[in-house]
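Subject: Handing over a structure

Dear colleague,

I am passing a structure on to you, with its sequence, and below it you will find notes on what turned up in it. Please have it open while you read.

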Amino acid sequence: MMKWQPKIQWTSVGHRLFFLCFVGISVSIAMMGYYFYDKSTRIIQDKVGYIMQQTIRQSGERLDLIMEEYSTRSFYLLGSKALQKGIKDDFTDNYDREETNKEIGEFIANLLNSKNDLVNLYIFGEAANSYKYSTGYSPMPHTTDALRQQEWYREIVKGDGRVVWFGMRPTMVPKPWADERWQGPVFCFGRAIKDMNNLNRIIGVMLIEIDPETILSQINLGEAGSSMIVDWNNRIVGHQENRYLQQTIPFRLSDQASLIETKQIGGERALVMHTRLSNGWSLVGLVPEEALVRESRLLGRFTLYLAAGFMAVALGYALFAAWQLNKPVRQLLQGMQEAKKGNFEIQIKAHRNDEFGILSRGFNAMMARIKELIDELYIQRLLQQELRLKMFASQINAHFLYNTLDSIRWISRIYKADEIGTMIFSLSNYFRASLSEGREFVKVSEVAALIDNYFNIQKIRFGDRIKPSVFVDPELLDCEVLKFAFQPIVENAIFHGLEKKKGTGRVDIEWRRAGDKLEFVVTDDGIGIEPEKLREIREALEESGTIREGSNFALKNINSLIKITYGHEFGLRIESAPGAGTKVSLLLPIVPNDKTKHGKNKDHLPLTAKESPYN
């Protein structure tokens with residue numbers, strides 16, 4: 001049985017599996033629960049919205065009927081002969097006046113106030129008499145120019161006999177004409193009164209104030225929402241709460257009356273629906289989303305409880321799955337930790353028949369094979385690197401050649417062959433410098449002397465065709481470098497860059513400091529390298545492997561030697577173009593001569609055996 005670890009390690013596969021299983025199932029349950037809740041809420045919203053929309057449409061139809069009835073009733077008043085006679089003051093005597101006024105009062109009481117919804121009726125005569133009807137019929141003061149300048153008065157006159165609707169608002173009639181017994185807003189409209197004998201002449205203005213409850217009772221949506229009447233300018237001209245009257249609605253109504261929209265109103269989201277009235281106004285219904293989702297909250301709680309139950313099941317399943325997989329993984333992990341410490345004899349139990357069993361048996365076989373190969377492979381790699389250096393450094397027996405060339409030099413002096421003697425002398429100095437008492441690492445000053453002797457030899461052959469230039473940073477003269485890495489680069493510059501060039505050529509050699517590194521740069525103004533050949537050389541430099549033979553691979557061998565000795569961050573870089581010469585840069589670490597440690601292994605000399613000079 002696997003022991004339960006109280007300390008949680010989130011890097012463990014078991015814990016990750018538990019986390020992934022639990023989170024995956026929990027997220028799936030949460031997504032399904034949210035989708036179910038969201039879908040049900042939308043269905044409820046759509047149904048409630050549809051019902052509310054039908055209610056608004058029906059309320060709008062009832063309002064149209066009521067407003068049409070008011071328009072008809074006011075039209076009958078316009079055609080009253082008695083009213084026409086009273087406004088124009090067309091009486092024969094006082095008796096005729098009293099009878100006419102009485103007839104007007106009865107007509108208003110029977111026709112306009114038949115439903116007992118009339119608050120005030122004002123009839124302003126342009127030339128003579130004005131009348132007012134509230135709880136009873138009474139005459140009014142004459143119409144003045146100040147009254148005619150009222151905005152509502154001018155709008156009625158401009159209406160030219162058509163009904164002009166003003167909606168709910170406080171009474172617009174100023175004193176002394178106003179009746180102050182009614183407190184609160186009224187629903188008002190007006191019409192211009194024309195002379196029946198001359199329809200082009202307006203003889204008065206009618207303003208009717210209705211009890212607003214008659215209108216509001218038709219647009220009440222109950223507790224689910226609220227409704228309002230909005231005019232052409234988006235101002236509220238009908239609302240259950242008086243504080244909203246004459247305010248502009250904070251949203252724009254759609255041109256489609258059957259469209260249900262969601263608006264942000266006063267920090268809350270609400271469904272907005274509206275219908276057009278016959279006079280051009282709109283009946284708008286508002287239903288807060290909060291009211292729509294009340295029925296879905298119970299469903300939401302049920303969904304939450306159901307999701308919590310499924311998540312508890314998911315937690316148990318995730319723990320069981322993690323427990324099942326954690327044991328073999330921990331066994332493999334313990335085996336790897338032992339192998340990491342160097343114990344390649346570790347073996348783990350592999351009694352399972354599943355993938356973990358295959359992994360366990362493979363791990364055991366791998367440890368056994370590693371144990372067999374580790375010493376052989378490691379030692380072989382070290383010997384291979386040492387062999388590369390020895391093959392590169394010991395291509396010829398420099399001691400034997402040095403002694404032989406010294407004898408030839410003395411013979412040339414006897415026979416007075418000066419050029420041969422000079423060449424042999426320079427070649428002897430070259431080999432003496434290259435021997436350097438069997439040391440693989442020499443000072444930069446010694447390498448510079450070796451290259452100087454090499455140029456003396458080539459001067460005999462090429463004469464003035466080659467003009468060398470050597471510069472060494474004085475601070476680098478005592479730094480130690482690998483002696484066999486430089487002369488082949490100079491040789492390549494002469495034989496591949498300048499030998500085929502017509503006329504004289506120049507080779508500039510420079511040892512300089514590049515930051516905290518040493519850079520050896522050889523630049524020639526020879527024929528350069530073709531792009532395809534340059535690409536081939538660069539690819540060869542990037543390859544890893546053993547030392548290769550052939551003239552095309554001299555730079556490759558130097559690059560491999562440098563990387564084996566110092567590390568992969570050091571090596572060669574080549575820049576060239578046809579006819580523009582070639583620049584070869586060799587990057588090395590700066591090693592002062594008082595240190596005897598080189599290369600990647602700082603505790604040992606480079607992997608090259610020293611030779612004893614042959615005397």
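The side chain of K88 meets that of D195 in a salt bridge of 3.2 Å, N to O, a salt bridge being a side-chain nitrogen of Lys or Arg within 4 Å of a carboxyl oxygen of Asp or Glu. D195, by contrast, is buried, with a relative accessible area of 5%.

Before going further, please note that this is a predicted model, in which local features need pLDDT of at least 70 and side-chain atom pairs count only at pLDDT 80 or more, while totals for chains, interfaces and linings use all residues. Residues are numbered from 1 along each chain as its sequence is written, and side-chain values use heavy atoms, with hydrogens and water left out.

As for the whole, the protein chain has 15 helices and 18 strands; these are DSSP runs numbered from the N terminus, helices being H or I with at least four residues and strands E with at least two. Of the 615 residues in the protein chain, 43% are buried. The chain exposes about 35,200 Å², of which carbon and sulfur atoms supply 55%, the accessible areas coming from the Shrake-Rupley method with a 1.4 Å probe and, for residues, with only the protein chains shown counting as cover. If one takes the contacts (heavy atoms within 4.5 Å) between residues at least 6 apart in sequence, 65% of them join residues at least 24 apart.

Salt bridges

The structure holds 19 salt bridges. In the pair described above, D195 lies in strand β5 (residues 186-195) and K88 in the loop between α2 (81-87) and α3 (94-112), so the pair ties together parts that are 107 residues apart in sequence. Another salt bridge joins the side chains of K501 and D525, at 3.4 Å, N to O. This pair also links distant parts of the chain, with K501 in the loop between α13 and β15 and D525 in the loop between β16 and α14 (531-542), 24 residues apart. D525 is partly exposed, at 32% relative accessibility.

Which residues make up a network of salt bridges? They are E510, R512, E519, R573 and E575. Within this group, the side chains of R573 and E575 meet at 3.8 Å, N to O, and each is partly exposed, R573 with a relative accessible area of 44% and E575 with 39%. E519, found in strand β16 (residues 517-524), is buried at 9% relative accessibility. The side chain of E519 makes a polar contact with the side chain of R573 at 3.3 Å, where a polar contact is a pair of N or O atoms within 3.5 Å, and within protein one must be able to donate a hydrogen and the other to accept it, with residues adjacent in sequence counting only if both atoms are side-chain atoms. Leaving aside residues up to four places away in sequence, the residues that E519 touches include W511, A514, S585 and L587.

Aromatic pairs

The count of aromatic pairs comes to 13, on the rule that rings of Phe, Tyr and Trp (its six-membered ring) pair if their centres lie within 6.5 Å, with planes under 30 degrees apart counted as stacked, over 60 as edge-to-face and the rest as tilted. W232 and W281 form an edge-to-face pair, 5.8 Å centre to centre with 70 degrees between the planes. W232 lies in the loop between β7 (226-230) and β8 (236-239) and W281 in the loop between β10 (268-276) and β11 (282-288), so the pair ties together parts 49 residues apart in sequence. W232 counts as exposed at 53% relative accessibility, whereas W281 is buried at 1%. The rings of F486 and W511 have their centres 6.0 Å apart and their planes at 50 degrees, so that pair is tilted. F486 and W511 are both buried. There is also one aromatic cluster formed by Y70, W165, F187 and F189.

With kind regards

Notes. Buried < 20%, exposed > 50% of the residue type's maximum accessible area, 1.4 Å probe, protein only.
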